[in-house]
Amino acid sequence: MTAPADQLQALVEQANRLALSSDEPGWDTFVRSVGLTPLSAEQRAFIRASGVPKLKGMLPVELRVVLEAIRARFAPMADSESMKTDLLVLVDREMLRFVAAAQPPKSVLPGIFANAQRTAVRLGPQADSLSAQKCTCCGAARPAESDLRSCTFCGQSFFPPGAGLPA
Amino acid sequence: MSDLETVKRWDAFLAKIRERVLETLAQAEEGCAMLLDLNSLDPQPMTIAWMAIENQLHELRAKIDATWFEKVEPGLTPGESVDRELAKSRALEHDIERLKDETELKIFAGAAAKIYEQARVNLAKDHSCTQCGAAVPLKQAFFRSRHETCPFCSSVNTFVPGSTVAAVEGFCVDQLAKQKTWALLQKSRQTERAIRDDAPASVTVAEKALREYLTAYLRARIEIVPEYAANFDKDLAGKMAFFRSQYPG
């Protein structure tokens, strides 16, 4: 038969593992197995909506209640000084372990997006444009099918000399 | 340290690298989409960010090799286990490459689809002749500067595409065509890898797969920009000539 200390450790490990997972049905079954009633989906949603820190897994308060229940169950079975000491610090120690492991992943791309945003070269106008070029001498537009390089009406060139256009 | 202990540590290391790659790619997807929106669909900042992310993934892959040669191989008894453990790293490296390619396609084709959609909306907007004010309908599948004649006063107007419309040819066409022909591209890459592994008759097989991919890819481009049809044969011949220059005979 397994010693109470080993049973305690196995149960605590299971509690921590399930609390860190997203397996809600598995967690609920475990909560029932230690003699408690799991929170309903509405209760969980209500607590999450109240602005609790975004941690993965189950709500920390659920784990705390479960750990308290485990401690209460094993307290009468504590057969050594070390187990008694262990039970005293069990809840706080396991809660700290859970919170540390449940932190959302840190950004693995530090600075990359900010740097790209800061250094990227932006080219060209943002908006489409449509415009009829007008002669700077007489103000006429360029009719279709005409020579678009010079004004059909007054002969003024539409492009300054040396603009690299064919003669 | 025993072989068992070395293998255990090696497995844990590979799992950690894999986890880091998955985290990187998930954050890349989210961050690149954010950069695209933040810059009014300009893909340039997102492209720069992706290059840095690729570099980071390359470093992770390099870490696998370095750890193998420095710590794992010397810690194993020569024999079968060395080959088995080395195969694990090769499998992970291939996996990283595949995940990177898939994420890149998702990010870039996703961005291209968004930009292309907006470009079509922009081209469909009312544009007026600045000479007489009449509406000038624009061609929908043409994304460069051009002259448009006013149907009312016959004046020539110059259309200059904004950055979103201009990005269709500069960015979207390639990404969308690649997405459409992704399976063929994978097959082509796979057959080309086989050449490097000295598989018999592999050059002919790779050439056929490449031709099949390029034909589909170039046709997918033409669906977006019909003007490209005029250069289809030339484009295909050019790309195939490049392949043959790499694998003569």
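In which hand, left or right, does α6(B) pass α7(B) in their crossing? Before you look, note that this is a predicted model, where local features need pLDDT of at least 70, side-chain atom pairs count only at pLDDT 80 or more, and totals for chains, interfaces and linings use all residues. Residues are numbered from 1 along each chain as its sequence is written, while chains are lettered from A and ligands numbered from 1 in the order in which they are written.

Now select residues 232-246 of chain B, which is helix α7, along with α6 (202-224) of chain B; helices are DSSP runs of H or I, at least four residues, numbered from the N terminus. The crossing is right-handed (the near helix is turned clockwise from the far one by less than a right angle). The two helices pack at about 150°, axes 10 Å apart, with axes fitted to C-alpha atoms over the stretch in contact and angles running from 0 to 180 degrees between N-to-C directions. That makes α6(B) roughly antiparallel to α7(B) (over 145 degrees).

Next, pick B:Cys172. Leaving aside neighbours within four places in sequence, B:Cys172 is in contact with B:Ala112, B:Ile115, B:Tyr116 and B:Ala167 (C-beta atoms, placed from the backbone, within 7 Å).

Last stop: α6 (112-119) of chain A and α1 (3-38) of chain B. Here A:Phe113, A:Ala116 and A:Gln117 meet B:Gly31, B:Leu35 and B:Leu38. α6(A) passes α1(B) in a right-handed crossing too.

How values were computed. Two residues are in contact if their C-beta atoms, placed from the backbone, lie within 7 Å. Angles under 35 degrees count as roughly parallel, over 145 as roughly antiparallel, 65 to 115 as roughly perpendicular and the rest as oblique.
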